[in-house]
Amino acid sequence: MAQETQGKIRLATIWLAGCSGCHMSFLDLDEFLIDLAQKVEVVFSPVGSDIKDYPENVDVCLVEGAVANEENLALLRQVRENTKLVIAFGDCAVTTNVTGIRNQKGDQNEILQRGYGELTDEHQWPQQIPGGILPPLLPKVLPISAVVPIDIYLPGCPPSAERIKAAIAPLLEGKLPAMVGREMIKFG
Ligand code: SF4
């Protein structure tokens, strides 16, 4: 096994507060996934892997989603500490996008009150918050660049498979992608 992974790029993907659509777009890479499998070792991912702890010495990590709670915050810091190249993967990671809509409605207490109090039939705020299940929300949803330095921004909601391929393929050759032009950096 050690020989099979020798020289391969150690790739991770994570999703924070997002809808998983960016990961679904990644899976749309179709046959390029086969090329990818020859050149990368997936060391952590919510897709097709059951590894629980983020490993050390990761070469590239695609980060989907914004930072909405304490769990997202801790994982993202861990990613930055252990990863050479961090990619903001999709509009939620880059700007907060859909995930950040809640920022307009107030802080975490106002959001929880609205969700678990005003909008429910029983109006038993705050008893209705599922204790011990929800990670504590941050006061505001943050783009990942507000928490850690980012190396590459790959926008899109989700980024198309073509754009993902154009961003990743150069990395396999040890080069950085040219993130310029409408095809590569248009939002939405
Ligand atoms: Fe979902 Fe779009 Fe956010 Fe990706 S950028 S996680 S597709 S809402």
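A nonpolar core is a set of buried Ala, Val, Leu, Ile, Met, Phe, Trp, Tyr and Cys residues joined through side-chain atoms within 4.5 Å. The views below show a predicted model.

**View 1. The largest nonpolar core has 23 residues.**
Four of them touch the most other members: Phe26, Ile87, Leu154 and Ile168. Seven elements are labelled by name. Strand 1 (9-15), helix 2, helix 3 (32-39), strand 3 (58-64), strand 5 (83-89), strand 7 (152-154) and helix 7 (161-172) each give two or more residues to this core. Helix 7 supplies the largest share, with six residues.

**View 2. A cis peptide bond joins cysteine 157 and proline 158.**
Omega is about -5° here. Proline 158 sits in the loop between strand 7 and helix 7.

**View 3. Serine 20 has a positive phi, near 80°.**
Serine 20 is a residue other than glycine. Its place is in the loop between strand 1 and helix 2. Serine 20 counts as buried because its relative accessibility is 17%, and the cut-off for buried is under 20%.

**View 4. Aspartate 30 also shows a positive phi, near 50°.**
Again the residue is one other than glycine. Aspartate 30 is placed in the loop between helix 2 and helix 3.

**View 5. Trp15, Met24 and Leu27 make a nonpolar surface patch.**
The patch covers about 260 Å². Leucine 27 is part of helix 2. With a relative accessibility of 36%, leucine 27 counts as partly exposed.

**View 6. Arginine 10 and glutamate 41 meet in a salt bridge.**
The N to O distance is 3.7 Å between these side chains. Arginine 10 lies in strand 1 and glutamate 41 in strand 2 (residues 40-44), so the bridge ties together parts that are 31 residues apart in sequence. Both partners are drawn with their side chains. Arginine 10 is partly exposed, at 23% relative accessibility. Glutamate 41 is partly exposed too, with a relative accessible area of 22%. The model has six salt bridges in its count.

**View 7. Lysine 39 and glutamate 173 form a salt bridge.**
Here the side chains meet at 3.5 Å, N to O. Lysine 39 belongs to helix 3, and glutamate 173 to the loop between helix 7 and helix 8 (182-185), so the pair ties together parts that are 134 residues apart in sequence. Lysine 39 is partly exposed, with a relative accessible area of 37%. Glutamate 173 has a relative accessible area of 51% and is exposed; the cut-off for exposed is over 50%.

**View 8. Aspartate 59 pairs with lysine 84 in a salt bridge.**
The closest N and O atoms are 2.6 Å apart. Aspartate 59 lies in strand 3 and lysine 84 in strand 5, so this bridge ties together parts that are 25 residues apart in sequence. Aspartate 59 is buried, with a relative accessible area of 18%. Lysine 84, in contrast, counts as exposed, at 58% relative accessibility.

**View 9. Glutamine 6 lies in the loop between helix 1 (2-5) and strand 1.**
Glutamine 6 is exposed, with a relative accessible area of 62%. Glutamate 56 is shown for reference. From C-alpha to C-alpha, glutamine 6 and glutamate 56 are 16 Å apart in space. In sequence, glutamine 6 and glutamate 56 are 50 residues apart.

Terms used:
Residues are numbered from 1 along each chain as its sequence is written. This is a predicted model: local features need pLDDT of at least 70, side-chain atom pairs count only at pLDDT 80 or more; totals for chains, interfaces and linings use all residues. Side-chain values use heavy atoms; hydrogens and water are left out. Patches are made of residues with over 30% relative accessible area and no salt bridge: like charges are joined within 9 Å, nonpolar side chains (Val, Leu, Ile, Met, Phe, Trp, Tyr) within 5 Å. Accessible areas come from the Shrake-Rupley method with a 1.4 Å probe; for residues, only the protein chains shown count as cover. A salt bridge is a side-chain nitrogen of Lys or Arg within 4 Å of a carboxyl oxygen of Asp or Glu. Helices (H or I, at least four residues) and strands (E, at least two) are DSSP runs, numbered from the N terminus. Buried means under 20% relative accessible area, exposed over 50%, partly exposed in between (1.4 Å probe, protein chains only).
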